[in-house]
Amino acid sequence: MIGAGPGGIAAGVKLKKAGITDFAILERADEVGGSWHENHYPGLEVDIPSLAYQYSFARNPNWSRLFAPGAEVKRYHVEVARRFGLYPHLHFGTEVVSEEWDEDNHRWKLHLADGGTITARFVISAVGAFIKPKEDPGIPGLAEYRGKIQRPSDWDDEYDLAGKKVAIIGTGASSVQITPSIAPRVGSLSVFQRTPVWCVPKPNPRIPRAAQLILHTPGLQAATHGAVLVAVDLLLRVMSNAPMALVRPTMRTVDAVAIAGYQGLLRTMVRDKATRAGLTPNYGPIAKRPTANTGYLLAFNRDNVELVTTPIERFTETGIRTVDGTNHEFDMIVLATGYHVFSDPETYTPGMVVGEDGLDLGKFYAEHGLQAYESVSLPSLPNRWTLVGPYSWTGSGWHAFVEMTADHAVRAIAEARRRGATFVAVRRDAQESYHRTIYAHSEAMRFYLAELNAHVPTYYRNSQGDSTYIRPTGFFRARRGHRRFPFSDYRFELLRPRPAVEADTTPDAVADEAASGPLPVGAAAPAKPRAARTKSASGAKSATAAKTSAAAKATAGAKTPAGAKSAAGRKSGTAAKSTAAEPKPRRRTGSNGDA
Ligand SMILES: Cc1cc2nc3c(=O)[nH]c(=O)nc-3n(C[C@H](O)[C@H](O)[C@H](O)COP(=O)(O)OP(=O)(O)OC[C@H]3O[C@@H](n4cnc5c(N)ncnc54)[C@H](O)[C@@H]3O)c2cc1C
């Protein structure tokens, strides 16, 4: 598994619940929690109710607030990972830089930032939606600026804000939280806005002890969340199934009414008329990620906060120059300029994921548009599932949706193991037919985002004009699809076993061997038991007796960064075990000790 955010944790727990314990979770950071570990900027909290932002298998009745603070959300994830025994599987500081399918061995080779390689039978990519913050804000001269740069995802808590002249560029979800929380502390705060954000008030009361006790009632939280999901489901279904002749005028009307309503809200919250005008969106409320924060609009009533709508020309040594020639000087500039997101083809750089027959995911998406069977798998990427893939978000809380994509991956892996298969890939016709349906159902979203609101920059619409963020089927249909997809939509095969050989004990004995193609499962006899071994980069060996079936055991392979021991083996002893259960590789895969 790659990634230990909410999605990776969900998949880890689901694997364990399915009785699969030989897996490794590779995480580039030094703790679990994903976005909630990475981000600790002032004002961070969830913007959907905490009760909807949690796992169905670990409901927390003790949330301190209706919308929990970021640190509490992170603690929750650490606690879940601990409670379900994921720490022995975790390998922190392990960044996967590229994934390469090894056809000869029916395995993935995961190349690491430290130069090492891990091999794995199956890969679950849980790298999230907000893959990495945009380093380049798209404004010239950043290197010239001599003051302090802050980024929401890399906030320097030690930096003293008191009395400082501060700028924040961007008005997305992070900016909406940072602005009101730092405004009382700084000398001045200038908010540089390209597009006004929809921001509705969000009362955030403490949850009293009595209410927490009530939340302990079995089934109560599930029922409440379920009711919300029904509403979300209905909305998405109506939107994706209604005739376009009805959808178009309805959407226009809803947008116009919503904008008028928002102007009314602004009149009650923001005193200055010009600022109100600047804060008024000229696009519909769901064309861009809407936000919720009571303090954001109110912050513009403070004497030390200004809204700057004049476009930025460049950074200077001392601050920012706007296109009207004004030089603004700042001690600190916050770059709240967004992320590379999963729904953009550009996020998948060529060479990052290379599958069967050299299929390059980056090039494929650039040429054919984003697509995946049930948002998780592609025919040429066998043994691999993505938790947050094209057309995946179900409009629900994040956990509900990554739980269902994790269910899909685990179900396919469990079935492969049950059949003794070493190869499982979605059938091309199943994937293409699924994509045709999803694409057709996205017509309303495409109209809304690419026509009605085409003038708004938004990650809900990608550079290809597609709205690949949202799954236009409704929540329950999506869940059914993931939990009950027909196995006939997948191909299960077994790596053809080699004739049994004597165990060889010389260091270089894993010689090149003749390649042979896979067999459909059922046609092959299981590999004969034999001895096998792993070799680490340091040359250490470990011999283990093989179990019976060729595919019976392997999920994670051996990690061998330069000079290191097998990572999976180091923590859980699984690498040697899984390798031993595999058919002997037909070709040695590298000098760094790939098993
Ligand atoms: C600041 C912020 C606030 C958010 N607030 C909300 C909210 O209030 N409500 C809501 O519904 N959603 C919110 N989201 C969106 C979403 O719920 C979170 O991003 C959530 O954490 C996603 O979980 P994930 O596991 O899918 O991805 P992530 O949390 O992003 O976790 C991915 C993990 O994979 C690791 N990783 C990535 N690439 C590699 C690699 N190549 N090798 C090894 N490890 C890798 C990362 O380090 C990370 O730990 C927010 C997102 C952000 C960024």
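Tutor: Strand E9 (residues 165-169) pairs with strand E17 in the parallel sense, over four bridges. Strands here are DSSP runs of E with at least two residues, and helices are runs of H or I with at least four residues, numbered from the N terminus. Two strands count as paired if DSSP finds at least two bridges between them. The model is predicted, and local features need pLDDT of at least 70, side-chain atom pairs count only at pLDDT 80 or more, while totals for chains, interfaces and linings use all residues. Residues are numbered from 1 along each chain as its sequence is written.

E17 itself covers residues 332-335. Strand E8 (residues 148-150) also pairs with E17 in the parallel sense, here over three bridges. Met332 of E17 stands opposite Val166, and Lys148 also stands opposite Met332.

Now the faces of E17. In a regular strand the side chains alternate between the two faces of the sheet. Met332 and Val334 lie on one side of E17, and Ile333 and Leu335 lie on the other. Both faces are covered, as these four residues are all buried. Buried means that 20 or more other C-beta atoms lie within 10 Å of the residue's own, exposed means 12 or fewer, and partly exposed is in between, with C-beta atoms placed from the backbone.

Arg483 is exposed because it has 11 other C-beta atoms within 10 Å.
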